[in-house]
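Here is a short briefing on a predicted model. Please keep the structure open while you read.

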Amino acid sequence: MNLIGENLTYKPDNQFHLNNVSFDFKKGNLYTILGRTLSGKTTFLKTIAGLLNPDSGNLSFEGKDFSKIPVWERNVAMVYQQFINYPHLNVYENVIFPLKQRKLSEDKIKTDVDEALKTVGLVGFENRKIQELSGGQQQRVALARSLAKKAKILLLDEPLVNLDYKLREQLREEFKKIFSKGLSSDAILIYSTTDPQEVMELNGEVIVLDEGKVLQKGPAKEIFENPRNLKVAEISNDPPMNILKGNKSSEKLIFENISINIPTHFKNLEDQNYNFGIRASEIKLDDQGEEFEIELAEISGSETLLHLKKGDSKVIALIEEVMNFKIHEKVKIKFNENKFYAFNKEGELISSPYGDLNG
Amino acid sequence: MEKLYKFLKYTFIILWTVFIVAPFLWAVSTSFKDFQSVNSKVTYIPWLDFEPTLEGWRVLVKSPARGGVDIVEPYFNSIFVTCTASLISIILGTLAAYALSRFTFKAGFVRNNDITFFFISQRIMPPIVLSIPFFIFLSTIGLLDSLLGLVVVYIVLLMPIAVWIMVDFFNRVPKELDETALIDGCNPYQAFYKVVLPNSIPGLIVAGMFCIIFGWIDFFFAFILTFTEVQLLPVKVVALNSSITPWWSLSASALISVAPLIIVAFVVERYLSKGNLSGALK
């Protein structure tokens, strides 16, 4: 009774949009698709909606072959990253549109629409024109239309990406609440995004997608703790995880003439060359630390991002306060060795600070 | 500086207005003159300069038997041919344009752009080149000198305009709007007439306006393809001219043939200013 995809491949113009993608989505769950732009997220969602037909592979829902059912009979709902509403209709008419299309009874329609508008906080806006609303409100209308439908599959394609920072934070919080209480156990929710933070906050099952290929599947915590390879480590962290080419000997980790005590979780590693990974947040300013040169300092919100360089190695450090730095200034930093990852030459995860490499 | 700019601006606007309006005023004044007042000396203002008369206007509605040149029938012929051809062109052209904008066609080396160009190329050829095949075609199917024949020919002339304008318009309507309609339970036909069409009113009005203008002002094909049974307004107006030019009735008929276009322009202006799509595109 699940939504099952088997070996879905879509390759127009000799470029993979979907490359042998398989999945098994269960009702009542939230799935997030994490990937950079052009990684195939939209294609993935459009394939489920039925707007695109994969070149090969099977898609079935509730035991029925989904590919034989046209879009308009699939009972899915979709929210786009562009704020797509019907501009010739007002807010109320927009939300009611899919229900009217299904010819439900008047009373049922009325309660469903009122409930959806209440959920997204647009009560009192019923008679407004779409053009008179802000971007955030337009996206709420689109979400209300999707919720009112009570579709069995709800698809959200980067719904927050076109909103400004403040609004995105706010709407993300609300989405979380809506999903946790408004979602029926009968529905599957699939949410795509480029933002790792959204993935962690929504805390569902994650699928990491790159160039149409599934790199890793698993709960958000698992993706965060044990990114299977360098690519996943890069995609699932913002700023991307720092990767340092180095060597492990019996006593020390060595990179760029820096030697660091071997963390306990590396004890059993063979002595050889590795790609060491460390998150930007695990690098601290420390007078006892190693000297790096500042290439760029960005202040974002209440944090400062330092782009640092030493020899051929570049790292990004996340400082949790607003500080002013000069470019080319030298700073001393310390790595939290207990949070080092080790990836082999092929880029696969060998050792993680969170241990337990079962998958 | 500011003042000089303003002065120059308004001077230019006034001069331009005079340039545009003067011929109309001249025609209005001439239409109320008789032979005497036109040919004696230059006069402008009725009652002061010359004695106004309605003779120029009366001639237009009198039947030829009573010495008039009946333009009422050609007038309604023109309205009928223009409106019918425009309507059919808009309906067929809009459907064709939607298909060209949303679906990918492949037939040998022919792609969507080639088909669009094929439509527009109908307007590239000089009318004189088209006139011969049109003449032979209409005479073969027996529609020469008939309203229906003219409608057929005008559709060929007007539909490219409709296709051209509407393809461009639909290309600017986000594809996601149609997709949302499909997801919300519309089949492709419902998506078109329930969602895309209501949001295309500005485009339809522009296309309709161009069709009406180009249909209404055509003289060439109306002249070539009709003889005695059917006459359209432009042909009839030109035919007024004989050994003596009847300036008064010529002016009157010119005024009433421009009138519909002026009315169309004023009506259309209302609708055009209401951009309806901003909400979907933002």
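Chain A is assigned two domains, domain 1 (3-233) and domain 2 (242-351). In this predicted model, the centres of domain 1 and domain 2 of chain A, taken over C-alpha atoms, are separated by 37 Å.

**Domains of chain A**
- Seven residues from domain 1 of chain A and eight residues from domain 2 of chain A make up the contact.
- On the side of domain 1 of chain A that touches domain 2 of chain A, three residues are nonpolar, two are polar and two are charged.

**Sheet of chain A**
- Chain A has an open sheet of six strands, in the order 6-7-8-3-9-10. The pairing is mixed.
- Strand 6 (76-79) and strand 10 (213-219) of chain A stand at the edges. Each has a single partner strand, so one side of each lacks a neighbour in the sheet.
- From one strand to the next, the twist averages 15°.
- Strands of a sheet pair through backbone hydrogen bonds, either parallel or antiparallel.
- Strand 3 (residues 30-34) and strand 9 (residues 205-210) of chain A run parallel and are joined by four bridges.
- Which residue in strand 9 of chain A is the bridge partner of Y31(A)? The partner is E205(A).

**Helices on the sheet of chain A**
- Helix 1 (residues 41-49) of chain A packs on the sheet. Helix 1 touches strand 3, strand 6, strand 7 (153-157), strand 8 (188-193) and strand 9 of chain A.
- The direction of helix 1 of chain A makes about 155° with that of strand 7 of chain A.
- Helix 4 (residues 135-148) of chain A also packs on the sheet, where it touches strand 6 and strand 7 of chain A.
- The direction of helix 4 of chain A makes about 170° with that of strand 6 of chain A.

**Backbone details in chain A**
- Most residues other than glycine have a negative phi, and most peptide bonds are trans.
- K150(A) is not a glycine, yet has a positive phi of about 50°. K150(A) sits in the loop between helix 4 and strand 7 of chain A.
- The peptide bond from D238(A) to P239(A) is cis, with omega near 0°.
- P239(A) lies in the loop between helix 8 (230-235) and strand 11 (242-248) of chain A.

**Contact between chains A and B**
- Chain A gives 22 residues to the contact, and chain B gives 20 residues.
- Strand 6 and helix 2 (91-101) of chain A each supply at least two residues of the side of chain A that touches chain B.
- That side of chain A has 15 nonpolar, six polar and one charged residues.

**Domains of chain B**
- Chain B is assigned domain 1 (2-53) and domain 2 (72-281).
- The centres of domain 1 and domain 2 of chain B, taken over C-alpha atoms, are separated by 34 Å.
- Seven residues of domain 1 of chain B contact six residues of domain 2 of chain B.
- Helix 1 (residues 2-31) of chain B provides the largest share of the domain 1 side, with four residues.
- The domain 1 side of this contact in chain B has three nonpolar, two polar and two charged residues.

**Helix packing in chain B**
- Two packed helices are described by the angle between their axes and the distance between the axes.
- Helix 4 (residues 72-102) and helix 7 (residues 147-172) of chain B pack at an angle of about 40°, with axes 6 Å apart. That makes helix 4 of chain B oblique to helix 7 of chain B.
- The crossing of helix 4 of chain B with helix 7 of chain B is right-handed. Their contact has 22 nonpolar, eight polar and no charged residues.
- Helix 5 (residues 112-124) of chain B crosses helix 7 of chain B at roughly 135°, and the axes come within 8 Å. Helix 5 of chain B is therefore oblique to helix 7 of chain B.
- Is the crossing of helix 5 and helix 7 of chain B left-handed or right-handed? The crossing is left-handed.
- In helix 5 of chain B, the contact residues include T116(B), F119(B) and I120(B). In helix 7 of chain B, they include V156(B), P160(B) and W164(B).
- The contact of helix 5 with helix 7 of chain B has seven nonpolar, two polar and one charged residues.

Definitions and conventions: Residues are numbered from 1 along each chain as its sequence is written. Chains are lettered from A and ligands numbered from 1 in the order in which they are written. This is a predicted model: local features need pLDDT of at least 70, side-chain atom pairs count only at pLDDT 80 or more; totals for chains, interfaces and linings use all residues. Two strands pair if DSSP finds at least two bridges between them. Axes are lines fitted to C-alpha atoms, for helices over the stretch in contact, and angles run from 0 to 180 degrees between N-to-C directions. Two residues are in contact if their C-beta atoms, placed from the backbone, lie within 7 Å. Ala, Val, Leu, Ile, Met, Phe, Trp, Tyr, Cys and Pro count as nonpolar, Asp, Glu, Lys and Arg as charged, and the others, Gly among them, as polar. Domain bounds come from an automatic or database domain assignment. Angles under 35 degrees count as roughly parallel, over 145 as roughly antiparallel, 65 to 115 as roughly perpendicular and the rest as oblique. A crossing is left-handed if the near helix is turned anticlockwise from the far one by less than a right angle, and right-handed if clockwise.
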